[in-house]
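Here is a short briefing to read with the model open beside you.

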Amino acid sequence: MNPHKNPFSPGAGTPPPELAGRDAILTQADLLLSRVLAGRSEKSFLAVGLRGVGKTVLLNDMQRRAESVGYRSLIVECHDGKSLAALLAPGMRQILFALDSMAAVSEKTRRGLAVLKSFLSSLKVTIADIEFGINPERGTADSGNIEIDLPDLFVAVGEAAKDRNVGIAILIDELQYLAPNEFSALIMAMHRMAQKSLPIVLFGAGLPQIPALAGDSKSYAERLFDFPDVGPLSDAEARRALVEPVGKAGVNFTEESLVEIIRMTEGYPYFLQEWGYHSWNVAPMSPIDLTSVKAANELAVARLDKAFFRVRYDRLSDREREYMRALAELGPGVHRSGEVAKVLQGKVNEFGTVRDGLIKKGMIYSREYGSVAFTVPLFDQFMRRTMPDKPVPWNRKKKHAHPARK
Ligand SMILES: Nc1ncnc2c1ncn2[C@@H]1O[C@H](COP(=O)(O)OP(=O)(O)O)[C@@H](O)[C@H]1O
Ligand SMILES: [Mg+2]
């Protein structure tokens, strides 16, 4: 059928034609927004899930909702090598400037800018065009320790917002890349917001290890945040994600073609978009039938192997690939790292460095001590397709890999 009219939208953060199965979390977001703006307390939330389940899409939707009910917002994406302070500062400044221009100069907003300035200089953050023409406020947010300074900054900004009767929504994607002290700074900052009833809400998203990242601040974190699981769609939701978009163009799926797509995608949103997309293009006419979906299977798998899976695989060292291949041998889901070590015929501690490196790269996660799982759904199948041979035990290769080791 006409590819120009194809309603599906595979891609990172691309809004889907039908946002299926997320009503509960969005209703909760609306409640949070209205309560906090009214000076009541409510838990912020950090959505947790594998890659391609729709976390970024959710954050974008929440930002839109926040703005529509009177919030100013800033959205950032964490990555290795950029500090949280540097990520948040430009958006904070923009919000303060916007607050400042709303009416006659507000003392609180000026103070917010002064505190932001000391925050920036103490954490050695530079942002382009830094001059505000305001002197930093001594003694606030200038300790150089983000766990102290970020809460100070949030208080100053929160007070400015309250003064103007607006809320501030801070949206942070890929939270798993935060350093532990940054994550804890964020928790402390939100703790102060709750204590002082200041109108700042936090929406975060990240891979399944984020609740564990809370570490020492864990008990705070559990009181301040919900950690809703964003997962694959149920059978009924997956059907909706497929049927609704094509229905608008007067197109149907046959029952058996729906069953096949759901079997192949396991209900994962990204894959549903990919399969929907190819099925539409391949099908000669409505209804989209099983023959078309079978043809789409090949196209979708080939495209995933070339892009979604491949870009991640390409970032791995040989050792990391071997470890991933061994994990794939155990099938989908969560496994003990001891089991992976067994596949490689070694001891768990021999693989610690490789395992940590893979966690840091966001390829695997460990929710409980000693467990590992892929962060990308269906990655086990990809690894078996890409490295069809059984994983090779490391002890047999050691001599070649580390000739100098005693
Ligand atoms: N609820 C949903 N229903 C259908 N498709 C969705 C849904 N949420 C996300 N998608 C699709 O899934 C893909 C991945 O979404 P994204 O937000 O980038 O995932 P994540 O941030 O979790 O990796 C996008 O193509 C998007 O259109
Ligand atoms: Mg994302």
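**Helix pairs and nonpolar cores**

In helix α9, Asp-235, Ala-238, Arg-239, Leu-242 and Val-243 meet Glu-255, Leu-258, Val-259, Ile-261 and Ile-262 of helix α10. Sorted by class, this contact of α9 with α10 has seven nonpolar, no polar and three charged residues. Please keep in mind that the model is predicted.

**How α9 and α10 cross**

- Helix α9 covers residues 235–247 and helix α10 covers residues 255–265; their axes come within 10 Å and cross at roughly 115°.
- With that angle, α9 is roughly perpendicular to α10.
- The crossing of α9 and α10 is right-handed.

**A second pair: α3 and α5**

- The axes of helix α3 (residues 84–100) and helix α5 (residues 146–163) cross at roughly 15° and come within 11 Å.
- Because angles under 35 degrees count as roughly parallel, α3 is roughly parallel to α5.
- Here the crossing is left-handed.
- On the α3 side, the contact is made by Leu-84, Ala-85, Leu-88, Met-92, Leu-96 and Leu-99. On the α5 side, Ile-146, Leu-150, Leu-153, Phe-154, Val-157, Ala-160 and Ala-161 make the contact.
- By class, the contact of α3 with α5 has 13 nonpolar, no polar and no charged residues.

**The nonpolar cores**

- The largest nonpolar core has 73 residues, and those touching the most other members are Met-62, Phe-203, Phe-271, Phe-309, Tyr-323, Met-324 and Phe-379.
- Helix α1 (residues 23–37) gives the most to this core, with six residues.
- Apart from this core lies another, of 54 residues, which include Ala-114, Ala-161, Val-166 and Leu-186.
- In soluble globular proteins, nonpolar side chains tend to be buried together.

- Not counting residues up to four places away in sequence, Phe-203 touches Ala-29, Leu-32, Leu-33, Phe-45, Leu-59, Met-62, Ile-170, Leu-171 and Ile-172.
- Phe-271 has its place in helix α11 (residues 269–282).
- Is Phe-271 buried or exposed? Its relative accessibility is 1%, so Phe-271 counts as buried, the cut-off being under 20%.
- Leaving aside neighbours within four places in sequence, Phe-271 is in contact with Thr-265, Leu-304, Phe-308, Phe-309, Pro-377 and Leu-378.
- Phe-271 and Gly-11 are 260 residues apart along the chain, and their C-alpha atoms are separated by 9.8 Å.

Terms used: Residues numbered from 1 in each chain as written. Chains lettered and ligands numbered in written order. Predicted model: local features only at pLDDT ≥ 70, side-chain atom pairs only at ≥ 80, totals over all residues. Heavy atoms only, no water. Helix = DSSP H or I, 4+ residues; strand = E, 2+ residues; numbered from the N terminus. Buried < 20%, exposed > 50% of the residue type's maximum accessible area, 1.4 Å probe, protein only. Contact = heavy atoms within 4.5 Å. Axes fitted to C-alpha atoms, helices over the stretch in contact; angles between N-to-C directions. Parallel < 35°, antiparallel > 145°, perpendicular 65-115°, else oblique. Left-handed = near helix turned anticlockwise from the far one by under 90°. Nonpolar A, V, L, I, M, F, W, Y, C, P; charged D, E, K, R; others polar. Core = buried A, V, L, I, M, F, W, Y, C linked by side-chain atoms within 4.5 Å.
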